[in-house]
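Please read each point with the coordinates open.

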Amino acid sequence: MRKSLLSLALLAGLATAQSGWAAGTGNIYVSSEDDNAVIVLDGQSYARLGEIETSDRPRDLRFNADRTLIYAACGEGDAIDVIDIASGEVVKSLDVGDDPEMFDLSPDGRLMFSSLEDDGLLGVYDLEKDETIAEIEVGEEPEGVLAHPDGKRVYVTSEEANLVHVVDVQSGEVTHNIVAGNRPRRFALDTGRNELWVTNEISGTVSIIDTEANAVKAELSFEPKGFRSEDVTPVGILMNGARDTAYVTLGTANHVAVVDMASREVRDFVLVGKRAWGLGLDRAEKRLFVTNGKSDDMSIIDTASLKVIKSVPVARVPHSVLIDD
Amino acid sequence: MTERLQQLSRGGPALLALALLTLCLLALAGAARAAEPAQITLGYLSWEEDPRYTEARFLARLPGQPWGRPVDGVKVALRDGRFTGKAVGVEYELIDEQVEQLDEVPAALARLADKGANFVLLDLPAEGVRSALQASADRELLLFNVSALDDSLRGEHCAANLLHTAPSQRMLMDALGQYLVSKKWRELLVLDGTQAIDQPLIASFDAAVKRYGLDVEERREFVLGSDPRQRGRNNVALLTKGDYQVAVVLDALGEFAREVPYQTLEPRPVVGSAGLVPDWWHWSWDRNGAPQLNKRFLKRAKRHMSGYDWSGWVVGKAIVEASLRVKSSDFAALRDHILSAELVLDGFKGGRMNFRPWNGQLRQPIFLTAGNWVAARAPIEGFLHATNDLDTLGANADDHQCKR
């Protein structure tokens, strides 16, 4: 399962020119589902620095706490790869179960919760013991996973069952099944308001779940100009640090919705590439990165003006993006 | 549960212990719940001697034809719905009724209704569907046609309590028509079957020709066999001489059609019942969650999922979806939700689906399949409709024969 860096020589050369191949260099990492690689771009010029070969079909990406590692869920590789940022190599492949799609880490960074899409399971992997410690049965096609910062709860969507499951970390039990819209996909959490936002791809909405009551309290819909409601297929969602703005990718409607979180009003729609899914923000929250799965590129949006400043070709079916600035 | 334990036991004793703990917790949670889950009962009515479902035909794996009984599809959907059921406190039950003769359909339907099956899947040819309709008049039933493609069931023989999850033949032919227009392959040679079963297919194709302005350059009838006196009608090379862009073969059972590709006199693509075939599901579709559904189906039914299986599956999906939204097992409430424009059905082909109010047909995309791949999904980009692009396929609100 261990992968080596294919274009090491190229990377080494470029990395020198780009003030070092290390964490915090401002590089951008994009997983490509069909090229079985994580693509590395320069964070300012967006020039392609190289690619890190991974297990098959990499999708969700996450940093570890100190940003020395990137975890990449590789669905068809049946593993979560561990990429060492300094060396730009996959140093380990974690055997988390079959077909991991999305995942999250416990607040202490020890447990990795991953949706195992084919088997309808939430896998719990202990990164210290290096083994799966539990597999919890959930509805078919689990996708979005979010570990609550309280360390007690994990949320997981079932795309098939149209449910959000609340899993108690201690007991491994599903404590609540919250009825969502159709094909619930991904999450963002606002602990200040006790709100868990979940995108519903087929019903074209975002459900806002009250995390105390474990029930949906509001629903958002989107009407970008020139598209019918059935074209609106929300998937990606990201909130800024202040939790005043949420970004929602609208899939086949080729737009990102910018939502004012307090009023729940859509402030703007930004036209991006085809089938926009993945989202990433830089630390300063000045640039929003959007992966477009059907145009194989990434749109970069200036968050102040809400204009696309650049579209960059990336690779086949770009999925997730991380900015290591 | 046994299967689940075996699965877990591969992970070692620690996992097994955890699994047992989880089971105990689940049992406790179950005991704590006051009410027993309410039952939603589905019936499945089929005909043992149905000529569409012979072992030889299953083994032939003809495109656009059934590869097994659609009951396998509904079983997968109900299993998939188990978490939904738990969430809203209902359980789904499936009762199978198979008749030996079509004239036993009314009695079998009555037996199902008496057992509380208000939702009945009809896996019958058009004649059987009509006989079930007559028998259902005085009963509270919602019938789902899962396998009869006849346009007449969506037209003059339609009924208020009859829904169709299989597409009409017309929808399939419209999808093909859109594809031909999008490729600018308008000049056609059409090979028509001569059996009674081929005639509705030919009529549907003719409607698509009219709708999409295709040009039929030549039209010939084919027969099965190798009688040299009939060679003008049974020899593919002789049948396919001419000046055209595409050969269309219209063969409802597909037995002749499969001999046509690569045997044409002119080097021309073959579409219709062989070559590029319109179908409403395909095992190679790799978007919209289809790979997971295909894997689940393959695991349960030990074969690839066909359009017919999808028709069965989507009935289960619709009933599970309705129970999630109305949070009840009440038949009238479930039926009303299924019939309403509020229904949002995720058919794993992209987009939302619901039933056309004018004839009970499920709106759905159609795939143009080419062996081991989906070449295109209709509605094809550019084919637009005033309200819903899915309505560019099949009979429209202002163009149908259904009075119900």
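Predicted model: local features only at pLDDT ≥ 70, side-chain atom pairs only at ≥ 80, totals over all residues.

1. The residues concerned are Val71(B), Gly73(B), Val74(B), Val76(B), Ala77(B), Leu78(B) and Asp80(B), which are buried in H4(B). Because seven of the 10 residues of helix H4 (residues 71-80) of chain B are buried, the helix is largely enclosed by the rest of the structure.

2. As a whole, chain B has a secondary structure of 14 helices and 14 strands. Its radius of gyration is 23 Å, which agrees with the value near 22 Å that a compact globule of 404 residues would have. The C-alpha trace of chain B spans about 75 × 55 × 45 Å along its principal axes, and buried residues account for 55% of the 404 residues in the chain. Among the contacts in chain B with a separation of 6 or more, 68% are made by residues 24 or more positions apart.

3. The surface and charge of chain B can be taken together. Its accessible surface comes to about 17000 Å², and carbon and sulfur atoms contribute 52% of that area. There are 48 positive and 51 negative side chains in chain B, with the centres of the two sets lying 6 Å apart.

4. Which cysteines form a disulfide? The sulfur atoms of Cys158(B) and Cys402(B) lie 2.0 Å apart and form this link, and the structure holds one disulfide over all chains. The link of Cys158(B) and Cys402(B) is right-handed, with 90° about the S-S bond. The pair joins distant parts of the chain, 244 residues apart: Cys158(B) sits in the loop between strand E4 (142-145) and strand E5 (162-164) of chain B, whereas Cys402(B) sits in the segment after strand E14 (374-378) of chain B. Both Cys158(B) and Cys402(B) are buried.

5. A cysteine in chain A may be noted here as well. Cys74(A) has a relative accessible area of 0%, and therefore counts as buried.

6. Tyr179(B) belongs to helix H8 (residues 169-182) of chain B. Is this residue, Tyr179(B), buried or exposed? With a relative accessibility of 12%, Tyr179(B) counts as buried, because the cut-off for that class is under 20%. Leaving aside neighbours within four places in sequence, Tyr179(B) is in contact with Trp185(B), Leu276(B), Leu368(B), Ala375(B), Ala376(B) and Ile380(B). By contrast, Ala322(B) is 143 residues from Tyr179(B) in sequence, and their C-alpha atoms are 34 Å apart in space.

7. The bond from Ala378(B) to Pro379(B) is cis, with omega near 5°, and Pro379(B) lies in the segment after E14 of chain B. Most residues other than glycine have a negative phi, and most peptide bonds are trans.

8. Turning to backbone angles in chain A, Asn162(A) has a phi near 55°, a positive value in a residue other than glycine. Asn162(A) lies in the loop between strand E13 (153-158) and strand E14 (163-168) of chain A, and at 2% relative accessibility Asn162(A) counts as buried. Asp296(A) likewise has a positive phi near 55° and is a residue other than glycine; Asp296(A) lies in the loop between strand E25 (287-292) and strand E26 (297-302) of chain A. With a relative accessible area of 28%, Asp296(A) is partly exposed.

9. The secondary structure of chain A comes to one helix and 28 strands. Buried residues make up 62% of the 325 residues of chain A, while residues 24 or more positions apart account for 41% of the contacts in chain A with a separation of 6 or more.

10. Finally, the accessible surface of chain A comes to about 11400 Å², with 46% of it belonging to carbon and sulfur atoms. Chain A carries 31 positive and 57 negative side chains, and the centres of these two sets lie 6 Å apart.

Terms used: Residues numbered from 1 in each chain as written. Chains lettered and ligands numbered in written order. Heavy atoms only, no water. Disulfide = S-S within 2.5 Å. Helix = DSSP H or I, 4+ residues; strand = E, 2+ residues; numbered from the N terminus. Buried < 20%, exposed > 50% of the residue type's maximum accessible area, 1.4 Å probe, protein only. Rg over C-alpha atoms; globule rule 2.2 N^0.38 Å. Contact = heavy atoms within 4.5 Å. Areas by Shrake-Rupley, 256 points an atom, 1.4 Å probe, with all protein chains shown as cover. Lys, Arg positive; Asp, Glu negative; His and termini not counted. Charge placed at Lys NZ, Arg CZ, Asp CG, Glu CD.
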